[in-house]
Amino acid sequence: MTFKVDFKVRDYECDLQGIVNNSVYFNYLEHARHEFLHAQGIDFAKLAREKVNLVVLRSEMDYKASLVPGDEFYVAVEPERISRLKFAFRQTVYRKHDDKVMLQALVIGTSVNEKGRPFLPEEVDNLFK
């Protein structure tokens, strides 16, 4: 299942070279993951109030080309089970006008309870079945 979120590059996201700063891509990817969870009926804030925290364990990004101010693009999100307690999101940033791949990422995570122990609540576990 592929989920997509649309974006547009804002001027202040760019560095002196006139391209999106590499750290900004983390924000794009995180927002897309949160939108994916919301679309699946998972309330990230509610989980946190219940002392369930979804956490990133590892992020890998392969930069393919640079976005520039005004570029319209989308982030595709594909969930994947890694193990009993770990999940991943394969994410790809595509420039809209030509569907060029700008970045490919793999973000691995889990959830922890209030004692910091990994576990997957049922609603999260069900995403990866």
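Predicted model: local features only at pLDDT ≥ 70, side-chain atom pairs only at ≥ 80, totals over all residues.
Residues are numbered from 1 along each chain as its sequence is written, and side-chain values use heavy atoms, with hydrogens and water left out.

Reader: How many residues of β4 are buried?
Author: Strands are DSSP runs of E with at least two residues, and helices are runs of H or I with at least four, numbered from the N terminus. Buried means under 20% relative accessible area, exposed over 50%, partly exposed in between (1.4 Å probe, protein chains only). β4 is largely enclosed by the rest of the structure because the buried residues number seven of nine.

Reader: Which residue of β4 is the bridge partner of Tyr74?
Author: Two strands pair if DSSP finds at least two bridges between them. β3 (residues 72-81) and β4 run antiparallel over nine bridges. A hairpin of five residues links β3 to β4. The partner of Tyr74 is Tyr94.

Reader: Which residue in β5 stands opposite Gln91?
Author: β4 and β5 are antiparallel, joined by nine bridges. Opposite Gln91 stands Ala105.

Reader: What is the phi of Asp99 in the turn between β4 and β5?
Author: Asp99 sits in the loop between β4 (87-95) and β5 (100-112). Asp99 counts as partly exposed because its relative accessibility is 44%. Its phi is positive, at about 55°.

Reader: Where is Lys51 placed?
Author: Lys51 has a positive phi near 65°, in a residue other than glycine. At 47% relative accessibility, Lys51 is partly exposed. Its place is the loop between α2 (44-49) and β2 (53-63).
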